[in-house]
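Here is a friendly walk through one protein chain. Please keep the sequence and the 3D view at hand as you read.

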Amino acid sequence: MRRIDVDYASHSVHVDVLEGELAGLLGSVRGLVPSVPFLSTVTGEWVEGAVLDGGYWFRNLRQSVLLEPVVRRLVGEGFGAFLEMSPHPVLTVPVAETVEAVGSDAVVVGSLRRGEGGLGRFYRSLGEAWVRGVGVDWAPVFAGLSPCRVELPTYAFQRSRYWLDMPRVQAGVDPAQEEFWRIVEEGDLEGLAGTLGLDGSGGLGDLLPALSAWRRGRQGRAKLDSWRYRVAWRPCRLPEGATLDGTWLLVVPEGRTDDDVTVRARRVLEEATRVVPVVVPDRADRTVVAELLDAAAKTGDAPVGVLSLLALDDAPDKRSQGVTRGVLGSMALSQALTDSAIHAGLWSLTRGAVAVDGEDEPVAGQAAAWGLLRVAALDDPERSGGLVDLPADGGIELLAMLPALLAAGDAVGAESEFALRPGQRGVSVRRMVRSPLGGSAEAPVWKPRGAVLITGGTGALGAHVARDLAHAGAEHLVLTSRRGPDAPGAAELERELTDLGCRVTIAACDVADRGALADVMRGIPEETPLTAVVHTAGAVDRARPLTKIDADEAVELMHAKVVGAENLHELLGARPLDAFVLFSSGAGVWGNGGQGPYAAANAHLDALAERRRAAGLPATSIAWGAWAGGGMVDAEVGEQLARRGVPAMEPALAVRALRESVAANETTVVVADIRWDRFVPAYCAHGHRPLIDEIPEVQALATAQDVEGAAGDTAGASTGAGGLRGELAALPAAKRKRRLAELVRTHAVAVLGSGAAEVVKPGRAFRDMGFDSLTAVELRNRLGSALGVRLSATLVFDHPTPNALADHVGAELFPEDDGDSALDPRLKEIEAAYRATSDPAGRAELADALRGLLDSWAAPTGAPAPAAVDEELVGASDQDMFDLIDKELGIS
């Protein structure tokens with residue numbers, strides 16, 4: 001800490017005493033139009049006019065510095081380098097933290113440092129920027145000299161070259177064009193004149209800011225379009241000759257044993273294979289369902305599949321009008337299957353869960369079951385089956401296709417989401433596809449008027465929306481939250497919005513309380529009638545597998561979001577509105593592991609929007625990815641999403657996407673920043689996911705994998721799980737153990753993401769590395785796919801270190817191994833001495849002696865020294881010590 005010799009605190013009320021004095025001192029300051037693009041940390045907006053007068057600089061001293069939101073916005077608009085021009089870097093660290101928090105790899109460097117104010121330090125900083133990809137004009141540095149390029153040396157005394165090669169210029173990228181836009185973005189007037197071959201810069205002073213603004217607009221448009229997706233349905237022809245075999249369990253709710261769907265479904269299945277009915281009482285919990293499943297499984301051969309009709313029960317649960325018994329029953333069944341010894345895929349039948357085209361009006365409770373079961377399949381891929389949807393009314397004859405559909409969908413990586421419709425529509429399968437608005441940089445946006453009601457309005461999401469709507473001219477903003485004016489930051493938000501010329505009402509209201517919500521609506525004055533609703537209420541819970549959530553928690557997690565949306569819909573009725581916006585989530589579209597009830601709630605909201613649109617009412621449901629600045633997800637979930645390729649979006653651009661979607665009359669749309677190269681490996685860890693087959697980046701990744709696989713096959717490489725197991729089987733036991741430990745560590749690093757190699761040690765506990773229930777399941781899935789073996793969902797916690805996990809997997813795959821064979825006979829006396837020493841101090845002395853022995857063994861002449869042996873030993877177990885000795889002696 002360093003004391004600063006001033007008698008007031010900047011950026012606080014203490015500055016107000018200086019306002020008169022500063023007004024006199026700064027009164028002569030006149031602002032100019034910036035020649036370099038200027039994003040203000042005072043207003044958070046781009047400075048377009050001559051506004052940088054004395055009053056601006058007083059506000060700069062008085063107000064809070066908007067450094068974080070400005071940096072987030074710049075990252076969101078595509079800026080990739082932050083250079084602090086100062087005598088000493090004071091902002092580099094917070095800027096870097098913000099860049100990291102939004103999942104960007106933007107460059108952040110300083111210029112000078114305290115005590116290092118010369119050209120040497122400045123050139124070094126330029127070099128730091130240059131090696132990280134920032135363009136630097138080095139010509140002035142070498143003026144009057146004759147520099148030449150030389151080859152970088154390899155490391156001393158080694159024959160391997162570790163320097164990175166220059167990246168190849170991408171095909172189709174014109175370097176001259178790139179240089180032109182770099183000059184424009186940097187506001188370099190002289191450079192622009194030179195590039196255009198002009199003698200002077202006359203007339204370019206007005207053109208340069210316009211070019212820069214146009215460029216930013218196009219980059220923003222491209223980024224927004226890269227975030228936009230929608231769900232589409234594609235016709236599907238079932239393969240001929242597929243037959244259903246084995247025993248299937250048909251799980252039916254007690255009150256629907258005799259209805260038409262149950263009777264027809266049972267009949268068509270019994271005509272194809274053996275069927276064992278399982279009747280589930282109303283509100284049965286997972287324990288009861290598990291007992292029923294076990295009893296049914298004992299009546300014959302082990303079941304190969306389960307078809308559930310539980311989701312068809314649309315009666316509301318007594319704990320919440322917004323949660324159906326069908327959703328909770330489906331959850332109990334999924335949990336019970338995991339609890340039981342039944343390893344069979346779970347298929348569920350629904351009616352009217354999805355809208356295949358504009359003619360369908362989905363049933364929200366049925367849609368919620370799809371959202372929940374989509375996540376259940378990710379949480380427990382061993383029991384992943386699929387979803388089949390009939391029309392909401394009629395269409396029972398379509399059940400004749402059920403056996404062929406179940407048989408076709410039973411293959412690994414096959415389709416898993418089907419909609420059956422009469423006539424030419426037939427069988428359709430679900431896809432997520434890109435949905436750019438395209439056209440000009442300035443797509444039409446919804447312009448708010450009158451009063452706009454924002455639920456969750458004092459939270460992070462609601463506040464982002466409120467600020468943008470206030471800037472856009474909203475007359476009256478009505479913000480609701482459970483605590484209302486007492487919510488943290490509510491008073492400051494109200495002042496900020498009022499300063500923008502907007503009337504603000506902050507009301508304490510639980511939107512799930514219909515009466516309280518009606519009172520808020522009645523309180524909106526006639527001179528500013530209610531014209532729009534934005535429902536942001538309802539936040540995501542921490543990720544947990546469905547097996548870790550009970551029915552009461554599931555109801556609580558869904559209630560506010562679902563019942564609040566239904567209350568808004570019912571209270572507003574057919575009232576003419578400009579916008580009815582629902583904040584949904586990608587969890588309801590592709591399914592986030594560990595977010596079952598949350599996904600169900602969001603799928604419900606998407607269905608509500610489609611239902612309103614089918615009735616001629618406005619509705620836009622946006623399935624968001626993560627937002628920067630909190631609100632959509634908490635820090636833990638945000639970190640998990642970023643690690644899996646869904647980094648947080650800049651709120652200003654996200655709200656822009658919202659207003660564009662409303663103006664475009666879109667009913668459902670996905671807005672998420674998805675980095676497919678990171679998303680696909682995690683999402684497809686247990687097999688192919690047809691949902692994303694039409695994404696161009698996914699297709700490119702698949703093509704690259706096919707090319708690599710073909711090359712590997714040509715070279716005689718073993719590429720599949722069978723090849724890996726064959727490779728392991730051919731190894732001596734000691735080497736096999738090390739190979740398995742290496743495999744576990746490799747996949748653990750992949751799951752945890754960049755930088756994880758430093759924390760993943762052989763003897764370190766997975767929990768200490770940062771593994772949670774969700775990442776543990778992902779690691780299990782990766783290892784299972786790599787080895788072609790079924791592994792327990794609790795594998796990581798049952799065998800808590802990479803070494804222990806490798807030992808367990810080795811024992812599962814190669815049970816014939818003799819545990820003692822991993823150790824050379826010549827070392828058995830050492831092992832016996834170690835085991836016989838129960839005193840920790842004695843064991844430590846022996847371990848130190850072994851380390852000393854290892855250190856004393858030199859590498860063969862002319863060979864590089866073994867790297868980082870000491871680092872390996874830090875996390876080594878007892879057996880690792882003996883394996884390392886074995887390795888160093890070269891005797892296995």
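At 52% relative accessibility, Arg283 is classed as exposed, a word used here for residues over 50%, while buried means under 20% relative accessible area and partly exposed lies in between, all with a 1.4 Å probe and protein chains only. Arg283 sits in the loop between β5 (274-280) and α10 (286-297). Its phi is near 60°, a positive value in a residue other than glycine. Most residues other than glycine have a negative phi.

Asn665 also has a positive phi, near 55°. Asn665 lies in the loop between α20 and β19, and with 55% relative accessibility it counts as exposed.

## About the model

This is a predicted model, in which local features need pLDDT of at least 70 and side-chain atom pairs count only at pLDDT 80 or more, whereas totals for chains, interfaces and linings use all residues. Residues are numbered from 1 along each chain as its sequence is written, and side-chain values use heavy atoms, with hydrogens and water left out.

The secondary structure of the chain comes to 32 helices and 19 strands. Helices (H or I, at least four residues) and strands (E, at least two) are DSSP runs, numbered from the N terminus. Of the 892 residues of the chain, 48% count as buried. Contact means heavy atoms within 4.5 Å; among contacts between residues at least 6 apart in sequence, 75% join residues at least 24 apart.

## Two buried residues

Where is Thr667 found? Thr667 belongs to the loop between α20 (651-663) and β19 (668-671). Thr667 is buried, with a relative accessible area of 18%. The side chains of Thr667 and Arg613 are joined by a polar contact of 3.0 Å. Such a contact is a pair of N or O atoms within 3.5 Å; within protein, one must be able to donate a hydrogen and the other to accept it, and residues adjacent in sequence count only if both atoms are side-chain atoms. Setting aside neighbours within four places in sequence, Thr667 is in contact with Ala609, Glu610, Arg613, Ala619, Thr620 and Ser621.

Ser212 is placed in helix α8 (residues 204-227). With a relative accessible area of 5%, Ser212 is buried. Beyond its neighbours within four places in sequence, Ser212 is in contact with Pro37 and Val184.

## An enclosed helix

Seven of the eight residues of helix α13 (residues 402-409) are buried, so this helix is largely enclosed by the rest of the structure. Those buried residues are Leu402, Pro403, Leu405, Leu406, Ala407, Ala408 and Gly409. What covers them includes α9 (260-270) and the strands β4 (247-253), β6 (303-308), β9 (345-351), β10 (384-390) and β11 (417-421).

## Helices that pack in pairs

Two packed helices are described by the angle between their axes and the distance between the axes. Here, axes are lines fitted to C-alpha atoms, for helices over the stretch in contact, and angles run from 0 to 180 degrees between N-to-C directions. Angles under 35 degrees count as roughly parallel, over 145 as roughly antiparallel, 65 to 115 as roughly perpendicular and the rest as oblique.

Helices α24 (residues 733-752) and α28 (residues 802-813) pack at about 120°, with their axes 8 Å apart. That makes α24 oblique to α28. On the α24 side, Lys737, Leu740, Ala741, Val744 and Arg745 meet Pro802, Asn803, Leu805, Ala806, Asp807, Val809 and Gly810 in α28.

## Two further pairs

Helices α3 (residues 67-76) and α4 (residues 92-101) pack at an angle of about 50°, with their axes 9 Å apart. They are therefore oblique to each other. Leu67, Glu68, Val71, Arg72 and Val75 of α3 make the contact with Pro94, Val95, Thr98, Val99 and Ala101 of α4.

How do α14 and α15 cross, and at roughly what angle? The axes of α14 (residues 460-471) and α15 (residues 490-499) come within 9 Å and cross at roughly 15°. These two helices are therefore roughly parallel to each other. In this pair, Ala463, Ala466, Arg467 and Ala470 of α14 meet Leu493, Glu496 and Leu497 of α15.
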